[in-house]
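Please open the model in your viewer and keep the selection panel at hand. The tour below moves from one selection to the next.

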Amino acid sequence: MSFYRNVFLATIISASFYLLLKRDDTAMLYVMTAIVGLLIVFSVVWRLLESKKFPLADEIKKRTITWWWMVAVFMLALAFNRIVSFVFLGFLCFAALREYFSLLPMSEISESKTLSFRDRPSILVSYISVPLMIFLAYIKWYELFVITIPVYIFLLVPILFVLQNRTEGSIKSLGIITIGLMFFAHNFGHCLFMINIGPILLMYCFVLTEVRDLLSYWVGKFLASLTENRSGGFMKNLLDYRVAGDISPKKTWATGIVSAVIVALLSLAFVPLMPQFPNGRLTYGYSLILGFLIGVLGLFGDLVFSMVKRDLKTKDSGTILPGHGGIIDRVDSLVFTIPVTFHLIYWMYF
Amino acid sequence: MVKQFLHALGRALVSIFLGVENPPRIKDMQCIIAANHNSHIDIMILFRLLDISRVNRVKTIAAKDYFGTGLRGYIARILFNSVLVDRGVSARKTFEILKNELEKGYSMIIFPEGTRGHPGIMDEFKAGIGQIAIDFPNIPIYPVYLSGAEKSLPKGATIPVPFCIGMKVLDPVYGRDYLGFNRKEGRRMITSEIESRIRSQIRH
């Protein structure tokens, strides 16, 4: 079984490489080769760790295997053609939105922290806004694309509430629904318009954000090991300064800033691969700023959804990705980094 | 053939829109699936526990007054092999019908609550499931916990709204483990065992 699975995985990956070669997309080929190379390194590492009975080996194994599948599907979707990329990313938005709405229990009485059964029509409207966003991004209608959700859908939802003749719990339900819309259909949905600029920009954002997630774990471990033997003092206090201790005791400002600096430096590798924008090419200086912002926003994206999950007393948002949790656990930082990167690029170069 | 195709299509739609993960299939030649009932979607999801080639070897039970006529009844009878049961008649007669189907070798999907009830609230199980277990002691009964279906399509709603639906298949219960008790006692114990296994999965 696992053999056939690996063959299937290899087929998907080589098919996407072939498609990229045929399209002559050198930039994407470089990035994809780097990612696949990194995954091969990780696969070798977990086999080594497993043979040495290292306690983290199982966790790394599970995560790496899931990463292989996510990368393979993502690569194929981006390499295939424009429609497939749009549908794939749109489905990702939909799945994240669905997971968000499913996190909350639903009841007939209007309690805090629960949705009401009368919210279902508005939730359906939220889902329908995703294909609408796909369509608007596909026909490249930028002006409407950026206002559809914050203006039209945002106003449609309370109108629906009024038509349902609701009173009790309406403000709470409105809050829950519209924040889901903004996070996953609008902010995360910006990845749809990024394909129009070029898949490489999407990779810039995705890769740097995900690398930051991985990196912050190891940077955190490294910084903790530096202060392990010290009993106090200025250095230890500085490194122990937490962003939000109640949400996540492990996330310190020091880790966040060091990771953001590393991400900013890594972002420089993408600069020569970037296409020609109407107002020139991405400069090294601007990429440093973007990379640093991705680092900082990624940290906050992570923390915001930790906060939400803590409020709802769940650890993972789902079980769909073994070793990672749900889709929201994977895309939480992207919700924050994608729209900012997109708008900063658009503002400077278009 | 058409039926298998429709089932495959239904399974694909359920996976895409409701995020139901592909469950491990039940391999027993004959089995009974007992699940909590909240929504019309439940039956479609429970069919996924069996291979698609087996959809003709499963029977479900439906109330005659609700599923007897119209499109709803047609779908229930053609796609989900529903055996129509009158709500009015005695429990014994209903039981005879079930027994008949099980003796012919069919598997069964049963909702021991009897009805969808209030969304999200699990009613007490009816003892009929325990009776079946005692009469067919070697057929495994798989308790299945379904969650989230009541959000997608609660009682009274007509349009399904996508929500993640969870399905958890629990260890089977066999009637043969309860043959030492007297009939009434055994029936009650099996029913409460199945109910408590499902109830233990509810997350608050």
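**A helix, then an interface**

Select helix 11 of chain A, residues 253-267: at 1.5 Å a residue, its 15 residues should span 21 Å, and because the end C-alpha atoms are 21 Å apart, the model agrees with that expectation. The expected span is 1.5 Å times one less than the number of residues, and helices are DSSP runs (H or I, at least four residues) numbered from the N terminus. This is a predicted model, in which local features need pLDDT of at least 70 and side-chain atom pairs count only at pLDDT 80 or more, whereas totals for chains, interfaces and linings use all residues. Residues are numbered from 1 along each chain as its sequence is written, chains are lettered from A in the order in which they are written, and side-chain values use heavy atoms, without hydrogens and water.

Next, select the contact (heavy atoms within 4.5 Å) between the chains, with 18 residues from chain A and 20 residues from chain B. Chain A and chain B bury about 1,500 Å² between them, 62% of it on carbon and sulfur atoms, where buried area is the accessible area (1.4 Å probe) lost on being put together, summed over both parts. Highlight Arg98(A), Phe117(A) and Arg120(A), which supply 38% of the area that chain A buries against chain B, more than any other three residues.

Definitions and conventions: Buried area is the accessible area (1.4 Å probe) that two parts lose on being put together, summed over both. Helices (H or I, at least four residues) and strands (E, at least two) are DSSP runs, numbered from the N terminus.
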